[in-house]
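Please open the structure in your viewer and keep the selection panel at hand.

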Amino acid sequence: MADDRIRRMTFATIYPLYVKKVERKGHTTEELDTVLTWLTGYDEAGIQDAVADERTLEEFFAQAPAMNPHTDLITGVICGVRVEEIEDPLMQQIRWMDKLVDEVARGKRMTSILRAPVG
């Protein structure tokens, strides 16, 4: 039931919360947009369009220009669940986004957040 509520939530609802979170911790909207771009392939204008047209999170990810091929390198726990073990593809994408935003807010180095394969 909670999953359905999250799926229907709009990106316009969540984005300002992400902005507030990173700014409260002394980071910038530009850093936030950098990780969202890395994850989804949206550029700054695409992110703003997603906010403006109030697309749901399901639509936000379905319309993403190019999900990053290295998302399998996003690991760890968010909301008490290991992101790499989430079976529902959409919920995993949402939790990847949450994880990246948390890392920005915590001040993790951008080179670490924007994972790249070793080798």
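## A guided tour by selection

Begin by selecting Lys21 and Asp102, which form a salt bridge whose closest N and O atoms are 2.1 Å apart. In helix α2 (residues 11–24) one finds Lys21, and in helix α6 Asp102; the pair links distant parts of the chain, 81 residues apart. A salt bridge here is a side-chain nitrogen of Lys or Arg within 4 Å of a carboxyl oxygen of Asp or Glu. Helices (H or I, at least four residues) are DSSP runs, numbered from the N terminus.

Before going on, please note that this is a predicted model, in which local features need pLDDT of at least 70, side-chain atom pairs count only at pLDDT 80 or more, and totals for chains, interfaces and linings use all residues. Residues are numbered from 1 along each chain as its sequence is written, and side-chain values use heavy atoms, with hydrogens and water left out.

Are Lys21 and Asp102 buried or partly exposed? Lys21 is partly exposed, because its relative accessible area is 26%, whereas Asp102 counts as buried at 17% relative accessibility. Buried means under 20% relative accessible area, exposed over 50%, and partly exposed in between, with a 1.4 Å probe and protein chains only.

### Stop two: α2 beside α6

Now select the whole of α2 and α6. Two packed helices are described by the angle between their axes and the distance between the axes. The axes of α2 and α6 cross at roughly 25° and come within 9 Å. Axes are lines fitted to C-alpha atoms, for helices over the stretch in contact, and angles run from 0 to 180 degrees between N-to-C directions. The two helices, α2 and α6, are therefore roughly parallel to each other. Angles under 35 degrees count as roughly parallel, over 145 as roughly antiparallel, 65 to 115 as roughly perpendicular and the rest as oblique.

Which residues meet between α2 and α6? From α2, show Phe11, Tyr18, Lys21 and Val22; from α6, show Met97, Asp98, Val101, Asp102, Val104 and Ala105. By class, this contact of α2 with α6 has 7 nonpolar, no polar and 3 charged residues. Contact means heavy atoms within 4.5 Å. Ala, Val, Leu, Ile, Met, Phe, Trp, Tyr, Cys and Pro count as nonpolar, Asp, Glu, Lys and Arg as charged, and the others, Gly among them, as polar.

### Stop three: α2 beside α3

On the α2 side the contact is made by Phe11, Tyr15, Tyr18, Val19, Val22 and Glu23, and on the α3 side by Thr29, Leu32, Asp33 and Leu36. The contact of α2 with α3 has 7 nonpolar, 1 polar and 2 charged residues by class.

Within α3, select Glu31. Glu31 is partly exposed, with a relative accessible area of 25%. Apart from neighbours within four places in sequence, Glu31 is in contact with Val104 and Met110.

How many salt bridges does the structure hold? There are 9 salt bridges. Side chains of opposite charge can pair when their charged atoms come close.

Select Glu58 and Arg7, a salt bridge with its closest N and O atoms 3.9 Å apart. Glu58 lies in helix α5 (residues 57–62) and Arg7 in helix α1 (residues 2–8), so the pair ties together parts that are 51 residues apart in sequence. Glu58 counts as partly exposed at 41% relative accessibility, while Arg7 is buried, with a relative accessible area of 17%.

Next, select Arg82 and Glu84, joined by a salt bridge with the closest N and O atoms 2.8 Å apart. Arg82 is partly exposed at 34% relative accessibility, and Glu84 is partly exposed at 32%. Then show Lys99, Glu103, Lys108 and Arg115, which are linked in a network of salt bridges.

Return to helix α6 (residues 89–106) and select Arg95. Arg95 counts as buried, at 17% relative accessibility. Not counting residues up to four places away in sequence, Arg95 touches Ile6, Ile78, Cys79, Val83 and Ile86.

Finally, select Leu114, in the segment after α7 (110–113). Leu114 counts as partly exposed at 24% relative accessibility. With neighbours within four places in sequence left aside, Leu114 is in contact with Thr34, Val35 and Trp38.
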